[in-house]
Amino acid sequence: MMKLLKTIAPAVALSALPVMGLAQEAEAAAAPDINPYIFTTLLFLIGGFLVFWMAAGFAMLEAGLVRSKNVTMQLTKNIALFSLAAIMYWLVGFNLMYPGDGWTIAGYVGTLFAPTSLEPVGLDAADAALDYASVGSDFFFQLMFCATTASIVSGTLAERIKLWPFLIFVIVLTGFIYPIEASWQWGGGWLSEMGFSDFAGSTLVHAAGGFAALAGALILGPRIGKYKDGRTIPMPGSNLALATLGTFILWLGWFGFNGGSQLAMGTVGDVTDVSRIFANTNMAAASGAVAALILTQVMYKKPDLTMILNGALAGLVSITAGPLDPSLFGALWIGAIGGVIVVFTVPMLDKMKIDDVVGAIPVHLLAGIWGTIAVPFYTEGTSFVTQIIGVVAIGAFVFVVSSVIWFILKATMGIRVSEEDEINGLDMAELGMEAYPEFSKG
């Protein structure tokens with residue numbers, strides 16, 4: 001009897017194995033695939049904190065390119081604008097930009113006055129949108145783009161604008177102007193329906209910030225002594241080491257800016273595309289810097305470091321609208337043209353007496369327009385006509401609304417410091433403290 005049991009037991013166990021295997025396969029099939037959710041959320045978080053580091057890059061770049069008597073003001077503006085952007089994007093901006101089905105005016109204006117809400121603590125997989133990412137990571141990532149738009153304005157208007165009117169403008173820009181125009185594309189609005197393409201924001205972020213800065217520069221006017229007797233008077237920055245550090249920080253942050261805009265990392269194809277975006281982003285920056293290096297040597301007989309720094313940034317802005325589809329050679333020539341744009345348009349703005357302290361208008365506005373228009377060279381399903389329509393629509397909206405806000409601020413509280421305060425420097429006049437007190441007179 002014992003021999004019989006010993007023979008039957010293994011046979012029964014073996015016969016049960018296929019059934020157990022089928023049960024495990026059924027259980028696995030029933031379990032949701034959480035990998036896309038996890039990896040895309042991780043992409044947003046990593047990309048987000050890289051783009052956040054760009055705030056430090058803008059602060060260092062601006063601190064290096066303004067005169068020493070205005071450095072503390074630029075640093076104050078940069079940390080204040082980011083903080084205000086974070087609050088306004090939570091309070092208004094995120095749902096205004098991504099309304100889903102809650103458009104106030106379909107395709108044009110999203111959900112008004114709806115603060116962002118996050119998922120509950122300990123969210124269960126059954127309640128998560130597993131085909132995308134967490135709300136917290138999405139909000140965090142998109143906020144960084146909003147703050148970047150405001151940072152662009154800061155540098156252009158440096159050395160002569162009052163602090164509080166500038167910050168009021170930042171509140172309007174980050175809470176309303178940027179989210180509305182960005183919703184037209186990224187929120188599924190009318191430009192998206194038309195077929196406009198701007199992968200990571202050459203126009204939606206950079207040119208938009210440039211248009212807001214241009215409006216402010218025209219209304220604010222140039223710095224005292226910048227243009228005299230038909231000549232442009234150089235006003236060298238205080239610290240080119242800081243400006244160079246800021247450029248490298250921005251270059252680093254741009255990998256999150258463009259790479260995170262893939263908006264997915266749950267498949268082999270997605271993560272490979274992210275790596276392709278990184279490589280193209282880097283190539284465009286490098287070629288923009290080299291183009292500016294060579295061109296300034298040819299034109300001025302000496303290389304110009306500030307032009308080289310802005311050439312790299314212009315290359316980055318140029319590739320931002322379409323960093324995925326070009327080959328490395330495509331990224332190279334697109335970025336190089338960005339560098340060329342900077343070298344030629346900086347003196348052009350001076351001839352027009354438009355005083356842009358850090359060169360943000362050539363870098364962000366003009367290179368942003370170029371990068372957006374260049375998209376159809378490599379991206380299927382896009383057209384030059386649609387790209388131009390998108391640029392004109394966003395530019396007109398941002399420029400007109402920004403101009404109205406600047407005019408209102410100028411009429412009500414004034415936007416420019418007094419002549420005496422500007423000559424003495426905004427650090428002491430507006431803040432009562434200096435960045436380099438050991439080197440001040442006396």
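Reply: A pocket is an open set with protein on both sides within 12 Å along at least five of seven lines. Grid points are joined across faces, edges and corners, and a volume is the space filled by probe spheres set on the points. This is a predicted model, where local features need pLDDT of at least 70, side-chain atom pairs count only at pLDDT 80 or more, and totals for chains, interfaces and linings use all residues. Residues are numbered from 1 along each chain as its sequence is written, and side-chain values use heavy atoms, with hydrogens and water left out.

Me: OK. How many cavities of 30 Å³ or more does the structure hold?

Reply: Three. The largest cavity has about 60 Å³ of space.

Me: Which residues lie nearest the centre of the largest cavity?

Reply: Phe58, Leu61, Val358, Ala360 and His364, out of 13 lining residues. As for elements, α2 (35–65), α4, α10 (305–320) and α12 each give at least two residues to that lining. Helices (H or I, at least four residues) and strands (E, at least two) are DSSP runs, numbered from the N terminus.

Me: And how much space lies in the largest pocket?

Reply: About 750 Å³. It has 26 lining residues, and Lys226, Asp304, Thr306, Val346 and Asp350 are the closest to its centre.

Me: Let's zoom out. How many helices and strands are in the protein chain?

Reply: 15 helices and two strands. The C-alpha atoms fill a box of roughly 115 × 50 × 50 Å along the principal axes. Of the 442 residues, 53% are buried; here buried means under 20% relative accessible area, exposed over 50%, and partly exposed in between (1.4 Å probe, protein chains only).

Me: What does UniProt list for residues 44–436?

Reply: An unreviewed entry there gives "domain: Ammonium transporter AmtB-like". UniProt positions are in the numbering used here, feature names are shortened, and annotations may be inferred rather than shown by experiment. Over residues 44–436 the chain is 67% helix and 1% strand, with the end C-alpha atoms 38 Å apart.

Me: Switching to charges: how many salt bridges does the structure hold?

Reply: Four, where a salt bridge is a side-chain nitrogen of Lys or Arg within 4 Å of a carboxyl oxygen of Asp or Glu. In one of them, the side chains of Arg223 and Glu159 meet at 2.5 Å, N to O. Arg223 is in the loop between α7 (202–220) and β1 (227–228) and Glu159 in the loop between α4 (135–156) and α5 (163–183), so this pair ties together parts 64 residues apart in sequence.

Me: Is Glu159 buried or exposed?

Reply: Buried, with a relative accessible area of 1%. Arg223 is buried too, at 5%.

Me: Which other residue forms a salt bridge with Arg223?

Reply: Asp355, with the closest N and O atoms 2.8 Å apart. Asp355 lies in the loop between α11 and α12 (360–373), while Arg223 lies in the loop between α7 and β1, so the pair ties together parts that are 132 residues apart in sequence. Asp355 is buried as well.

Me: Where does Arg416 come in?

Reply: The side chain of Arg416 meets that of Glu422 in a salt bridge (2.9 Å, N to O). Glu422 is buried at 3% relative accessibility, whereas Arg416 is partly exposed at 24%. As for networks, salt bridges that share partners join Arg67, Glu159, Arg223 and Asp355 into one.

Me: What about Ile423, where is its place?

Reply: In helix α14 (residues 419–424). Ile423 counts as partly exposed, at 48% relative accessibility. Ile423 and Gly225 are 9.7 Å apart, C-alpha to C-alpha, though 198 residues apart in sequence.

Me: Last one: which helix gives the largest share of the nonpolar patch?

Reply: α9, with six residues. α9 (268–300) and α11 (328–351) each supply at least two.

Methods. On a 1 Å grid over the protein atoms alone, a cavity is a set of points where a 1.4 Å probe fits but cannot get out, and a pocket is an open set with protein on both sides within 12 Å along at least five of seven lines; lining residues have an atom within 4 Å of a point.
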